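Morning, everyone. Please bring the model up on your screens, and I'll walk you through it.

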Amino acid sequence: MTEAGTTAGEILSIFPNESGAAPQPSGSPSGGVIAARVNGELRDLSYQVRDGDAVEPVDIASDDGHAILRHSTAHVMAQAVQGLFPHAKLGIGPPIENGFYYDFDVPSPFGPDDLKAVEQRMRQIVKQGQLFSRRVVSEDEARAELASEPYKQELIGLKGSGASSGEESVEVGGAELTIYDNLDPGTGALYWKDLCRGPHLPSTRYIPAFKLMRTGGAYWRGSEKNQQLQRIYGTAWESRAAQDSYLELLAEAERRDHRRLGAELDLFSFPNEIGSGLPVFHPKGGVIRRVMEDYSRRRHEEAGYEFVNTPHATKAELFETSGHLGFYKESMFPPMELDGADYYLKPMNCPMHVLIYRSRGRSYRELPLRLFEFGTVYRYEKSGVVHGLTRARGFTQDDSHIFCTPGQLAGELASLLDFVVGLLRDFGLTEFEAELSTRPEKYVGNPDEWDAAEAALKHALDASGLPYVIAEGEGAFYAPKIDVHVRDAIGRRWQLSTLQVDFQEPGRFGIEYQAADGSRQRPYMIHRALFGSIERFFGILLEHYAGAFPPWLAPVQVVGIPIADAHVPYLSKVAALLREQGIRVEVDDAGDRMQKKIRTAQRQKVPFMLLAGDTDVAAGAVSFRYRDGGQRNGVPVDEAIAEIVTAVRDRIQV
RNA sequence: GCCGGUGUAGCUCAGCAGGCAGAGCAGCCGUCUUGUAAACGGCAGGCCAGCGGUUCGAAUCCGCUCACCGGCUCCA
């Protein structure tokens, strides 16, 4: 039975925590339950419960627990920053995935040494065990108490003007304004306070592990029209071990960075002389790319696509018609003037494909017409956003435009989605999630058509069995779309494919087909890119495999390593046999020792190393070494060749 | 585009209270002829990102430009 004055924490102390361990005594810093969910709302453990309240524990290691921990750590950081930089004004400080940040308005930006000092100060605050104490305030009280915090004033103002829902923040979300005081656990003296909806950890001692990660500029309230504040990112975890494994994941991601691997494996580069965001592929990267394209072409051919080619530049008129010059001019390279006309590098292939469609009259019998091209496009990405192969200024889309009748739309989308996922699977990706983006507030076209298109996309998703979420109002202004995301080998999410149903462009270009009844009809058009861009997909695969491509994609599939120079001719014969089977093979005849050659091949992540010494030569055999360090000795040459050829043919990872 | 950081040999980095440009790896040439992640020796390699300034003197200090890195905004 609940008594008056009972807190959520007291109620919960009779329950074991989620990990099954004994309940933590009040004030314990070692994790377990750190907050409560009362009637579905997250509350502090000090929350006063009432009769009949449903009280559930929130473990620090849960998603909610992480958010509370990180938000509280953000407060500790802000206190530390204001201790060291009294002129710092507070922005916002929410928890985010894997961490938190807090924005500050400071006279001069933070440097690396500042970060160390802040972290040092934070450790003192954590050690002190300051209590987080909640207090409801009126708007006027909040304004008075936070008179020196202009950004908080603005947030209170937002809250005051209230009714504009949806923009709940960690500062002023919920029904009332609250301030959290940081109090000395012994004397109750006030160290610091912040406008905040909470909930928080009981005290700063409940922060088991944290680390400040990086700094950067960030626009106030996310708009580049506003003042830029200085943001500090940090992370916090329920244990040192959990934090270490997170940091290890980051280190692994860095080792896999495609820009690093691209240089190490001699795959591609970005020559300064060419310009930012414009990659060149070296021979080894070129092989991978060619294999990717060849495979994609073959699959498209089998799926009934027709191949087209279009130029890289065009007169302005084309993009005026398509609407790009109206909407996306900023992202296009500026025009060049030739013969009195403006020419643009193309940022998209679709208008050219539409022109191919329009080059003659079309019959319903030709539909669906599936045009495919590896089409290179150029987009003027802003200087600060260019990022390796994943955000380039020149890149090649595996772009297709499908023209179909309204009646064909649903079937076409369903088979298309199947095709997309099937092809991605062949490249070794296994986890997919989709997103259906529906009609935005600002849209063009007929709502009935939108509904029909959205229903068709949804139907396709349901039929595909892919897990998906609906992103309400996130569609492009001219069309709803499906985005397919993948998870890579270390769980990171990448957006890849996109499918859009477009009713706009067919109208802009006035394309038609003649229906069975002799009438002229407007076709639907589906845009889709599957890799997105070859460069980007290349980069994602490179990171997914950490450079250790499966044999069918590996630029060098086999390296022959002689035990001594005398064995080079023998291995060269084996290599010739492999080459006859279309295998990319090299024999390392450099002056290095065998061990060094193994090291070299290993670092180049070559799938198969074939060694041969006197024993192998005598037996007509070779010895395998695999990338994982395993070996298989004395394998007859025929058998070795079969093993390699099979792995390549069946696209097996080894 | 905005905020901050960085730019020295192909790569990773040292040198920077202003005074002759360094190492390891990679490369090339030798010697060694080796059984599963680095043999040994030698040679070569640089307009210290570019341009301008301060100075008797600049890789080092200052300014601008370019590029890259981390954020923000953006990603049709």
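First, the ground rules. This is a predicted model, so local features need pLDDT of at least 70 and side-chain atom pairs count only at pLDDT 80 or more, while totals for chains, interfaces and linings use all residues. Residues are numbered from 1 along each chain as its sequence is written, chains are lettered from A and ligands numbered from 1 in the order in which they are written, and side-chain values use heavy atoms, with hydrogens and water left out.

Now the overview. Chain A has 19 helices and 31 strands. Those are DSSP runs, numbered from the N terminus: helices are H or I with at least four residues, strands are E with at least two. The C-alpha atoms of chain A fill a box of roughly 85 × 80 × 55 Å along the principal axes. Of its 654 residues, 49% count as buried. Buried means under 20% relative accessible area, exposed means over 50%, and partly exposed is in between, with a 1.4 Å probe and protein chains only.

What about contacts, meaning heavy atoms within 4.5 Å? Take those in chain A with a separation of 6 or more: residues 24 or more positions apart account for 68% of them.

Next, helix α6, residues 240-256. The expected span is 1.5 Å times one less than the number of residues. For the 17 residues of α6 that gives 24 Å, and the end C-alpha atoms are 24 Å apart, so the two agree.

Which residues of α6 are buried? They are Ala242, Gln243, Tyr246, Ala253 and Arg256. Seen down the axis of α6, the buried residues fall within an arc of 145°, so they line one face. That arc is taken from the directions from the helix axis to the C-beta atoms.

Axes are lines fitted to C-alpha atoms, for helices over the stretch in contact, and angles run from 0 to 180 degrees between N-to-C directions. The contact includes Ile288 and Met292 of α8, and Phe537 and Phe538 of α15.

A second pair: α12 and α13. Their axes come within 8 Å and cross at roughly 40°, which means α12 is oblique to α13. Among the contact residues are Leu413 and Leu417 of α12, and Leu457 and Leu461 of α13.

Now the loops. Where are the cis peptide bonds I want to show you? One joins Gly198 and Pro199, with omega about -5°. Pro199 lies in the loop between β9 and β10. Another joins Leu367 and Pro368, again with omega about -5°. Pro368 sits in the loop between α11 and β18.

Last stop: Asn39, in the loop between β1 and β2. Its phi is near 50°, a positive value in a residue other than glycine. Asn39 is partly exposed, at 46% relative accessible area.

Methods. Parallel < 35°, antiparallel > 145°, perpendicular 65-115°, else oblique. Contact = heavy atoms within 4.5 Å.
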